[in-house]
Structures are given as structure tokens and as C-alpha cells.
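Subject: Structure for you to look at

Hello,

Here is the structure I promised to pass on. Please open it alongside these notes.

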Amino acid sequence: MIVEVFVEDVFIANFAITWIIFQLSSVFAKHKFKAVYVFISCFIAGVLAVLSPMLNLGWFQFPFKVICGVFLVFVAEPKVKGFKILFILFTFLAITSMLAGFVFAMPSFNHSSIWIILFVVFLISKLVFKWAKSAFYASKISGFIYEIVLENAGKIVKTKGYLDTGNVLVDPNSNQPVAFVDSKIFEKLFSIKEIKTLKNPQCDNSAHYIEVCTVNGKNKVFVFFAEKMKILINGRIKECNNICLGFSKIKACQLFGCSVLLPLGIV
């Protein structure tokens, strides 16, 4: 019974610390591991920790641990090659070495207890950091987000718009700045029949494509017009009639929970 508890203790502790090491390696190496591969690698680490004392490795114990560390990294990340995998390996082994030194410097605690405590502390710290990061970005961008109401042919869509200071696109046909919308907004403003007949060559402000240059090369943007857009700015409503809207397959407009990318100067 004593042996069974010890084996479980060792397995859980090594599973937890290996998981922590992979999470830290992901941060320092700036590489995202797949959770399923990390889980398998942590499971193998737990099994190896249980089996290694039975092998009587002697002087070969340290090289064996290094070999196991390399193996665990390749299990967690089987596709990456070249310098990137070497950097990940170095990061993983370095963090493993530092954490092992931290534990051995605290002989008053049993190793398993320390790993479990570290595991819990790391989880809590990660959640707090994620919350703080979200709160920080929310406070930074809150001044660029506005309540938006789009109207067209009796349809009313309420959403949020983000003022993109980098959006300086102007429709050459109408000489109006272009506000980008996502597919959901586009489908709410126009029926399927209206979408099919939207491009009307007999109308001066008919829908059309314009070509824009992006970092990925040239891209075509579908431009169309809605009857009205209302923007709530510091308690007052600004109305823009016959607003020029752009729709693209690029999901840039789905930013910070907003469905509209407002052009510079419209607010």
C-alpha cells in the first residue's frame, strides 16, 4: 500500500511539473504547443519518473534525464525542425534545470508537495495575468469603440464600431471614406435577392469592387452603400447618409468584439 501511494505521488508530481515546464517554455520560446501532445508528453514523463529508480542507472542517471527531456520535447512538438526546435530544446532543458535546483534547495518540503503547489500557483498566476492583460487592452481601446446603428431599406442593425486610425481607404467613385463590415452585418442589411441585384450599373452609387494594396499584396474589396449610419459620440449622435461600406473576406473588421471598422476622420 505504501508503494502504491508513492508511485501515484511521483507520477502526479512529475506530470504537473512537466506541464509547468512546457507552459514556461511556450512563453520564453514564443511557441505554442498543441495541448494533446503536451498531455501525452507529460504522461510519459510521469511514467519515466516512476520507472527510472528501478533501473539503477548510477552515473548514467544525468545523461538519461537529458535524453528523456529531448524525447519529451519531440513528443510535444513532432513537426518543428531546424534552429527553432533547438531553441525550444534549450529552453525546455534550461527551465527543467532551474526548477530542479529550486526544489533541491528546499529540503524541508517533500518534492511532490512542491510540484503540486507550483502547479496550482502557476494556474492561478496564468489566469490572473490573462485577466490583467485583457483589462489593460480594454482600457486602452475603450476610447476607440463606438455604438453604431446601420439602417437600410427598413432594416436596422445595432453593433459596435472600432475607429481604425490606419483605415484611410477612400472609394474613388464616390470619393467617400470606406467603413469595413463583416459578413454578418452585410447579410443583415441586405436580403439574398438584394445581394444578387446589388451591383446595378444604372446607379451612380452602385456596388462595385475597388483594388487595394495590403502587406500581402493586392486585394479586391467589395464596396456598397447603406442608407444611414448613426454613431454615438460622447452622448451625441452623428448621422452619415448614404454611407460607403466595404466587405472583404479578410476578417480584420472582427476586432475587439466590433463588427465595423470605422475610417479615420469619420468621428
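Below is what was found, by topic.

This is a predicted model, where local features need pLDDT of at least 70, side-chain atom pairs count only at pLDDT 80 or more, and totals for chains, interfaces and linings use all residues. Residues are numbered from 1 along each chain as its sequence is written, and side-chain values use heavy atoms, with hydrogens and water left out.

Helix pair. The axes (lines fitted to C-alpha atoms over the stretch in contact, angles 0 to 180 degrees between N-to-C directions) of helix 2 (residues 35–51) and helix 3 (residues 61–76) cross at roughly 155° and come within 8 Å. Helix 2 is therefore roughly antiparallel to helix 3 (over 145 degrees). Helices here are DSSP runs of H or I, at least four residues; strands are runs of E, at least two. Contact means heavy atoms within 4.5 Å. On the helix 2 side are Tyr37, Val38, Ile40, Ser41, Ile44, Ala45 and Leu48; they meet Cys68, Phe71, Leu72, Val75 and Ala76 in helix 3.

Strand 1 (residues 145–152) and strand 2 (residues 155–163) run antiparallel, joined by 8 bridges (pairing takes at least two DSSP bridges). Tyrosine 146 has glycine 161 in strand 2 as its bridge partner. The hairpin has 2 residues between the strands, and alanine 153 takes a positive phi near 50°.

Aromatics. There are 8 aromatic pairs (Phe, Tyr or six-membered Trp ring centres within 6.5 Å; planes under 30 degrees apart are stacked, over 60 edge-to-face, the rest tilted). Tyrosine 209 and phenylalanine 222 form a tilted one, 5.1 Å centre to centre with 50° between the planes. Tyrosine 209 lies in strand 6 (residues 208–214) and phenylalanine 222 in strand 7 (residues 217–233), 13 residues apart.

Best wishes

How values were computed:
Parallel < 35°, antiparallel > 145°, perpendicular 65-115°, else oblique.
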